[in-house]
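Please look over the chain shown here before reading the notes on it.

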Amino acid sequence: MAASAPSSRELIGLGASVAGSVILGLAAGFFSDKALGTSPALLFVGLLLGVLGATAVIALRVRRFATADVTAEEQSVSAAPTGSQDAESSQEALS
């Protein structure tokens, strides 16, 4: 079964989460550098942490989309009649 595409609302949320993670990391690094006088070391650490956070967000969302597709596929397969049920119903119709 083909994977269903995420909705536009879900994609906008994903983009906002990724952007927020990177911006939050940069801001934390910037203000830490300013307070401690370690310019630009903590800015790069914050950027790295933001990118890692964004990667984690993407991985979790992709896993959720994939799990939803597998669940939908299992439900459609379980709802479909099996070959033995078809044979039984056709034998009953002949009787």
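The report below covers confidence, the helices, the link between them, the recorded spans and a surface patch.

## Model and confidence

This is a predicted model. The mean pLDDT of the protein chain is 83, and 74% of its residues reach 70 or more. Among the elements of the chain, helix 1 (residues 8–36) has the highest mean pLDDT, 95, while helix 3 (residues 83–94) has the lowest, 58. Where pLDDT is low, the predicted coordinates should not be read in detail.

## Helix 1

Buried residues in helix 1 are Leu14, Ser21, Gly25, Gly29 and Asp33. Val18 also belongs to helix 1. Val18 has a relative accessible area of 23% and is therefore partly exposed, since buried means under 20% and exposed over 50%. In sequence, Val18 is 35 residues from Gly53, yet the C-alpha atoms of Val18 and Gly53 are 7.8 Å apart in space.

## Between helix 1 and helix 2

Pro40 sits in the loop between helix 1 and helix 2.

## Spans recorded as transmembrane

An unreviewed UniProt entry lists residues 12–32 and 38–60 under "transmembrane region". How much of each span is helix in this model? Residues 12–32 are 100% helix and 0% strand, with end C-alpha atoms 30 Å apart. Residues 38–60 are 87% helix and 0% strand, and the end C-alpha atoms of that span lie 33 Å apart.

## A nonpolar surface patch

Leu26, Phe44, Leu47 and Val51 make a nonpolar surface patch of about 320 Å². Helix 2 (residues 41–79) gives the most to this patch, with three residues.

One of the patch residues, Leu47, is placed in helix 2. Is Leu47 buried, partly exposed or exposed? The relative accessible area of Leu47 is 30%, so Leu47 is partly exposed, as the value falls between the limits of 20% for buried and 50% for exposed.

Methods:
Residues are numbered from 1 along each chain as its sequence is written. This is a predicted model: local features need pLDDT of at least 70, side-chain atom pairs count only at pLDDT 80 or more; totals for chains, interfaces and linings use all residues. Side-chain values use heavy atoms; hydrogens and water are left out. UniProt positions are given in the numbering used here, feature names are shortened, and annotations may be inferred rather than shown by experiment. Helices (H or I, at least four residues) and strands (E, at least two) are DSSP runs, numbered from the N terminus. Patches are made of residues with over 30% relative accessible area and no salt bridge: like charges are joined within 9 Å, nonpolar side chains (Val, Leu, Ile, Met, Phe, Trp, Tyr) within 5 Å. Accessible areas come from the Shrake-Rupley method with a 1.4 Å probe; for residues, only the protein chains shown count as cover. A salt bridge is a side-chain nitrogen of Lys or Arg within 4 Å of a carboxyl oxygen of Asp or Glu. Buried means under 20% relative accessible area, exposed over 50%, partly exposed in between (1.4 Å probe, protein chains only). pLDDT is the predictor's confidence in each residue, from 0 to 100.
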